[in-house]
Amino acid sequence: MLDFNIRGENIEVTPAIREHIEKKVLKLERYFTEGANATANVNLKVYNDKQTKVEITIPMKNLTLRAEERHNDLYAAVDLIVDKLERQIRKYKTKVNRKFREKEGVAAFFASVSKSEGKSAEADSAEDDHEFHIVRTKQFDLKPMDQEEAILQMNMLGHEFFIFTDAESDGTHIVYKRRDGKYGLIETN
């Protein structure tokens, strides 16, 4: 069951807006297992150029769904964002189901079927896994530093994010460059 936390910045969340968001996002419930409880956090923001930004985040036990969309029409933005979330769910379920089939030995059956159809299992597997193929692995020591130094290091390297050990808390944190040019910080537990 989905609960909603809808907030607006520079916009009043009217009953009509709330109803439209809830109606559209509730369509995603069909993908959830029975008894799954989640809260859909919805942030609406209107800019000076009358563009609306909609962000929806649905944290769940094994997956966090998140999407954002900018559009001149708030209702169109909600429709587009629900489509994005639906694609994320389907993609995740496909990956989980594939891993389950491989663990259960069904992958061998599908490999023999695809060979009999003239297609090799290796080519089929390569097509499925090209999206998450790791091409490089790096190892490094996390140097204790503060947030400002981490941002400087990130900028010097020309990266979009930087992982570091916070000198004060001794926790592993990540700084990243946002689309608006500002910086964000992710603190781990």
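The following questions and answers concern a predicted model of a protein chain.

User: How many helices and strands are there in the protein chain?
Analyst: From the N terminus on, the elements run β-α-β-β-β-α-α-α-β-α-β-β-β. The totals for the chain are five helices and eight strands.

User: What percentage of the residues of the protein chain count as buried?
Analyst: A residue is called buried when its relative accessible area is under 20%. The protein chain has 189 residues. The share of them that count as buried is 26%.

User: Which strand gives the largest share of the lining of the largest pocket?
Analyst: The largest pocket holds about 500 Å³ of space and is lined by 14 residues. At least two lining residues come from each of β3 (52-59), β4 (64-71) and β7 (172-177). The largest share, four residues, comes from β4.

User: How many charged residues are in the lining of the largest pocket?
Analyst: Among the lining residues, Lys 53, Glu 55, Glu 68, Arg 178 and Arg 179 lie nearest the centre of the pocket. Asp, Glu, Lys and Arg count as charged. By class, the lining has two nonpolar residues and no polar ones, and the number of charged residues is 12.

User: Is Lys 53 buried or exposed?
Analyst: Lys 53 lies in strand β3. Its relative accessibility is 12%, and the cut-off for a buried residue is under 20%. Lys 53 therefore counts as buried.

User: With which residues is Val 82 in contact, leaving aside its neighbours within four places in sequence?
Analyst: Val 82 belongs to helix α2 (residues 74-103). With a relative accessible area of 7%, Val 82 is buried. Its contacts beyond those neighbours are Lys 24, Val 25 and Leu 28.

User: How far apart in space are Val 82 and Ala 67, C-alpha to C-alpha?
Analyst: In sequence, Val 82 and Ala 67 are 15 residues apart. In space, the distance from C-alpha to C-alpha is 8.3 Å.

Methods
Residues are numbered from 1 along each chain as its sequence is written. This is a predicted model: local features need pLDDT of at least 70, side-chain atom pairs count only at pLDDT 80 or more; totals for chains, interfaces and linings use all residues. Side-chain values use heavy atoms; hydrogens and water are left out. On a 1 Å grid over the protein atoms alone, a cavity is a set of points where a 1.4 Å probe fits but cannot get out, and a pocket is an open set with protein on both sides within 12 Å along at least five of seven lines; lining residues have an atom within 4 Å of a point. Grid points are joined across faces, edges and corners, and a volume is the space filled by probe spheres set on the points. Buried means under 20% relative accessible area, exposed over 50%, partly exposed in between (1.4 Å probe, protein chains only). Contact means heavy atoms within 4.5 Å.
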